[in-house]
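The sequence and structure come first.

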Amino acid sequence: MKISDWLDEKAAENVDVSQIALPKDMSYDEVPDETVFFVEINPCGLLCTENHPFSTVERFGHWYYSRGQDKKAGIHSAKMKWGLFTKDKDIALQTAKAHIE
């Protein structure tokens, strides 16, 4: 089952899908149709494998998944991760940009 179909089913069941966690097997099986936005704050350089704040917006069908790690968490932190599912591209982009500024 595609992520967009699963989200549609949950929305039809009146579940708030904006903050829903995807089943593990589903999140690894499907590649987004499009990456609309991506920013990473990595002052360390390309060879650093630690965590860095980032924001991304990915499109799955007619759903947008805005997710990342808040800039306030700092470099090399694993805290302050966030995610948002929405059908509104503008809201997804605004949310992603707000978390990385």
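## Strand E3

Six of the seven residues of E3 are buried, so this strand is largely enclosed by the rest of the structure. Buried means under 20% relative accessible area, exposed over 50%, and partly exposed in between (1.4 Å probe, protein chains only). Strands (E, at least two residues) are DSSP runs, numbered from the N terminus.

The model is predicted: local features need pLDDT of at least 70, side-chain atom pairs count only at pLDDT 80 or more, and totals for chains, interfaces and linings use all residues. Residues are numbered from 1 along each chain as its sequence is written, and side-chain values use heavy atoms, with hydrogens and water left out.

## Pairing of E3

E2 and E3 run antiparallel and are joined by seven bridges; two strands pair if DSSP finds at least two bridges between them. In this pairing, serine 66 of E3 has valine 57 opposite.

E3 also pairs with strand E4 (residues 81–86), in the antiparallel sense and over six bridges. Here arginine 67 stands opposite glycine 83 in E4.

## Glycine 61

The loop between strand E2 (54–60) and strand E3 (63–69) contains glycine 61. The hairpin of E2 and E3 has two residues between the strands, and glycine 61 takes a positive phi near 65° there.

Glycine 61 is partly exposed, at a relative accessible area of 27%. Neighbours within four places in sequence aside, glycine 61 is in contact (heavy atoms within 4.5 Å) with Ser4 and Asp33. Aspartate 16 lies 45 residues from glycine 61 along the chain, and their C-alpha atoms are separated by 18 Å.

How values were computed:
Helices (H or I, at least four residues) and strands (E, at least two) are DSSP runs, numbered from the N terminus.
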